Amino acid sequence: MSLITQLADRATGGRITKRDFENRLERYTATGKSAPGDAESLNDAFLKSAGAWLTQGSRNIATHNGRSDFSDAQDFLHLWQEPGSMERALSQLNNDGYAILDTKFDPEIVQELSTYFASAPCTLTSDQELNMAPEDRVVVDFENPLAVKYSVDTNTLLMNATVRKMLLDRGLLQIAQEYLGSTPIVDIVTAWYSFPSANPSHEAAQLFHFDLDRVRWLKVFLLLTDQTIDTGAHVYIPGTQRDGGISSDLLAKGYARLEDPEVEAFYPKDAWKSMVAPAGSILLEDTRGLHKGIPLQRDHRLMLQFEYAQTLFGHVPFLATVSLDDYQDEYWNTMKHNHPEVFAALRR
């Protein structure tokens, strides 16, 4: 028995098998009902199979769920103006696990959202203890930040009409559907500020790691500040999103943060991709691959992020647990009516 198998079995009392994972996923796909242990089985299935069980499950979900026609969605970001641009982005996503789009969104949008978020209520993330209750909110302090990360309140995010239009942009929905193989579900909507820190922050994801959010998902990072090496560029190791792409020695450490030397032992630094890009850039990423944020040396970084999932199997969606307003927005409500599956985590 391999060390990875021992670790996975230890987490489930030795019960995790491919068939057990398949049964859980089939039950959820057929009923939409979660059961205790689903999230743990997702993690253990990935560790035990190096991703292969999740990939096969994703193919089955695609066959069951089918696709949507998003011709009624607004082309707000104008992503695929150049012939073949979506195909090129999809090819790079499938091969490398990431793609930086040629198209950038307007500077006016960067300015609008930067101004809006600067006065928005936020929660704090830090490796040090904070004297704040979970329900407490603060506005970002650019001069004397209280923590390495300020996350914008979710309801405040979705109250912004521009954020809602970007989330339901035709180009993003199309590329997510092509990558996932079936109708994308809005799973995460978040935005955060990052600030300099003396050491890489575990809590702010500044050490290498892989995500296990769902069976299959795509994250979209929309940059609202210039992203440089000094201001916290994202780092990704191409190809590690594939089945078996992460070394078994690293998987044997479990679902854990990894120090640079641990990763470099298997992936030389010249293979790491630093996502240096100006404000207005759009980064697509399958975060099943190894990635991290570089600790900032100066200024701050502001980023808006969406996640589109193929299925909500696993943990309960955060969007289903937070209090959200009923947005009186004609486009939002029309899309909600026409594409209810996209809004599965947002139903109230």
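User: Why is Glu-26 called partly exposed?

Analyst: This is a predicted model, and in it the relative accessible area of Glu-26 is 41%. Buried would need a value under 20%, and exposed a value over 50%. The 41% of Glu-26 lies in between, so Glu-26 counts as partly exposed.

User: What makes the contact of Glu-26 with Arg-19 a salt bridge?

Analyst: The side chains of Arg-19 and Glu-26 come to 3.3 Å, N to O. The cut-off between a nitrogen of Lys or Arg and a carboxyl oxygen of Asp or Glu is 4 Å. A value of 3.3 Å is within it, so the pair qualifies.

User: Is Arg-19 buried, partly exposed or exposed, and how do you know?

Analyst: Arg-19 has a relative accessible area of 42%. That lies between 20% and 50%, so Arg-19 is partly exposed.

User: What makes Asp-243 and Arg-288 a salt bridge?

Analyst: The closest N and O atoms of Asp-243 and Arg-288 are 2.7 Å apart. That is within the 4 Å limit, so the pair counts as a salt bridge.

User: Where in the chain do Asp-243 and Arg-288 lie, and how many residues apart?

Analyst: Asp-243 is in the loop between strand 6 (234-236) and helix 10 (248-251). Arg-288 is in the loop between strand 8 (282-285) and strand 9 (291-293). They are 45 residues apart, and the pair links distant parts of the chain.

User: Why is Arg-288 called buried?

Analyst: Its relative accessible area is 6%, which is under 20%, so Arg-288 is buried.

User: Which residues do salt bridges that share partners join into one network?

Analyst: The network consists of Asp-20, Arg-24, Arg-27 and Asp-38. By the rule for salt bridges, the count comes to 17.

User: Which residues meet where helix 3 and helix 4 touch?

Analyst: Leu-42, Ala-45, Phe-46, Lys-48 and Ser-49 in helix 3 meet Ala-52, Trp-53 and Leu-54 in helix 4. By class, this contact has six nonpolar residues, one polar and one charged. Helix 3 covers residues 38-49 and helix 4 covers residues 52-65; their axes are 6 Å apart, at an angle of about 120 degrees.

User: What makes strand 7 and strand 9 edge strands?

Analyst: Three strands form an open, antiparallel sheet in the order 7-6-9. Strand 7 (273-275) and strand 9 each pair on one side only, and are edge strands for that reason. From one strand to the next, the twist averages 20 degrees.

User: How do you know that strand 6 and strand 7 pair?

Analyst: Pairing takes at least two bridges, and strand 6 and strand 7 have three, so they pair. Their sense is antiparallel. His-234 has Met-275 in strand 7 as its bridge partner.

User: Why is the protein called as compact as a globular protein of that length?

Analyst: The protein has twelve helices and ten strands. Its radius of gyration is 20 Å, close to the 20 Å that the globule rule gives for 348 residues, so the description holds. Buried residues make up 53% of the 348.

Definitions and conventions: Residues are numbered from 1 along each chain as its sequence is written. This is a predicted model: local features need pLDDT of at least 70, side-chain atom pairs count only at pLDDT 80 or more; totals for chains, interfaces and linings use all residues. Side-chain values use heavy atoms; hydrogens and water are left out. Axes are lines fitted to C-alpha atoms, for helices over the stretch in contact, and angles run from 0 to 180 degrees between N-to-C directions. Helices (H or I, at least four residues) and strands (E, at least two) are DSSP runs, numbered from the N terminus. Contact means heavy atoms within 4.5 Å. Ala, Val, Leu, Ile, Met, Phe, Trp, Tyr, Cys and Pro count as nonpolar, Asp, Glu, Lys and Arg as charged, and the others, Gly among them, as polar. Buried means under 20% relative accessible area, exposed over 50%, partly exposed in between (1.4 Å probe, protein chains only). The radius of gyration is taken over C-alpha atoms; the globule rule is 2.2 Å times the number of residues to the power 0.38.
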